[in-house]
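Please open the model in your viewer and keep the selection panel at hand.

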There are 2 protein chains.
Amino acid sequence: MPFIDDIEWDGNNLVPVVVQDVATKDVLMVGWSNREAIEKMLSCGLATFWSRSRKKLWTKGESSGNGMVVKELRFDCDLDTVVALVEPKGPACHMGYRTCFYRRLKPMAADGELEEIEERVFDPDDVYGSK
Amino acid sequence: MPFIDDIEWDGNNLVPVVVQDVATKDVLMVGWSNREAIEKMLSCGLATFWSRSRKKLWTKGESSGNGMVVKELRFDCDLDTVVALVEPKGPACHMGYRTCFYRRLKPMAADGELEEIEERVFDPDDVYGSK
């Protein structure tokens, strides 16, 4: 895979990966991947990231069961950002929402407060256990 | 805007901003914004970023004329990533494409080469001048 040598990794050897539902085109989450994670997405077709907090590779769904099948990866002009078009097997967000982007704010909104626009699909305690 | 105090800025006081076309839902580009850029997007409704290379605030379109009207900002569960839903006034990519993500690769593809899936809309030399 020669193009992988041209990827512009950041100072931590990562690139941001925007995960988009291939059917609805909703942005579900943004993760970070290193070379190994990109290679794994291309060889196995499963959404895979580098966890910056746990400092290890993780394949989405290994705890929750809510994995994502990668249909294609798109690369930007600078080769420093990736969009992964995926088929999600369940809600993307560890907080129990379909997408991590469940809150919005409109420019010039009167009150400047975040508005919740999604409903919770599961209780995180049921999926990850209470902590 | 009290929620802005809760944003989890990275080590450079930035958050990634995924720019999505509000009509087609295509991801057009990913930029980086600091607090001032987020505030400007909310007060003026124009896509605004921090240029990491030029180290200054930039409003998309100030060189190319291809600005973007921000219809809403979506915030993720961790408040460390933003999706901006925009109405683009022209092609997003400085290379002359509608979207920066004009190349793709499918998992388990035979040759592992990037495939171009968009056509150039303009010649960058015409818009930015030859360098």
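## A tour by selection

Begin with strand 3 and strand 4 of chain A, which form a hairpin with four residues between them, and pick out K55(A) in the turn, whose phi is positive at about 50°. The model is predicted, so that local features are reported here under a pLDDT requirement of at least 70.

The C-alpha atoms of chain A fill a box of roughly 50 × 40 × 30 Å along the principal axes, and 34% of the 131 residues of chain A count as buried. Among contacts in chain A with a separation of 6 or more, 40% are between residues 24 or more positions apart.

Now move to strand 1 and strand 2 of chain A, which form another hairpin, here with five residues between the strands; K25(A) in the turn has a positive phi of about 65°. Strand 1 and strand 2 of chain A pair in the antiparallel sense, over six bridges, and V17(A) has G31(A) in strand 2 as its bridge partner. Is strand 2 of chain A largely enclosed by the rest of the structure, or largely open, and why? Six of the seven residues of strand 2 of chain A are buried, so this strand is largely enclosed by the rest of the structure.

From there, select V86(A), which lies in strand 6 of chain A, residues 82-88. V86(A) counts as buried because it has 26 C-beta neighbours inside 10 Å, where the cut-off is 20 or more. Setting aside neighbours within four places in sequence, the contacts of V86(A) include V19(A), D21(A), V22(A), A47(A) and M68(A). Of these, A47(A) is worth a distance label: A47(A) and V86(A) are 39 residues apart along the chain, and their C-alpha atoms are separated by 7.7 Å.

Then display both chains and select the six strands of the open sheet with mixed pairing, in the order 2(A)-1(A)-6(A)-5(A)-7(B)-8(B). The edges are strand 2 of chain A and strand 8 of chain B, residues 115-116, each of which pairs on one side only. Within chain B, strand 7 (residues 103-105) and strand 8 run antiparallel and are joined by two bridges, with R103(B) facing E116(B) as its bridge partner in strand 8.

A further pairing between the chains can be found by selecting strand 7 of chain A and strand 5 of chain B (residues 68-75), which run antiparallel and are joined by three bridges. Here R103(A) has F75(B) as its bridge partner.

Finish with the contact between the chains, to which chain A gives 34 residues and chain B gives 34 residues. On the side of chain A that touches chain B, at least two residues come from each of strand 1, strand 2, helix 1 (35-44), strand 5 and strand 7, and strand 5 of chain A supplies the largest share, five residues. Coloured by class, this side of chain A shows 21 nonpolar, five polar and eight charged residues.

Terms used. Residues numbered from 1 in each chain as written. Chains lettered and ligands numbered in written order. Predicted model: local features only at pLDDT ≥ 70, side-chain atom pairs only at ≥ 80, totals over all residues. Contact = placed C-beta atoms within 7 Å. Nonpolar A, V, L, I, M, F, W, Y, C, P; charged D, E, K, R; others polar. Pairing = 2+ DSSP bridges. Buried ≥ 20, exposed ≤ 12 C-beta atoms within 10 Å, placed from the backbone.
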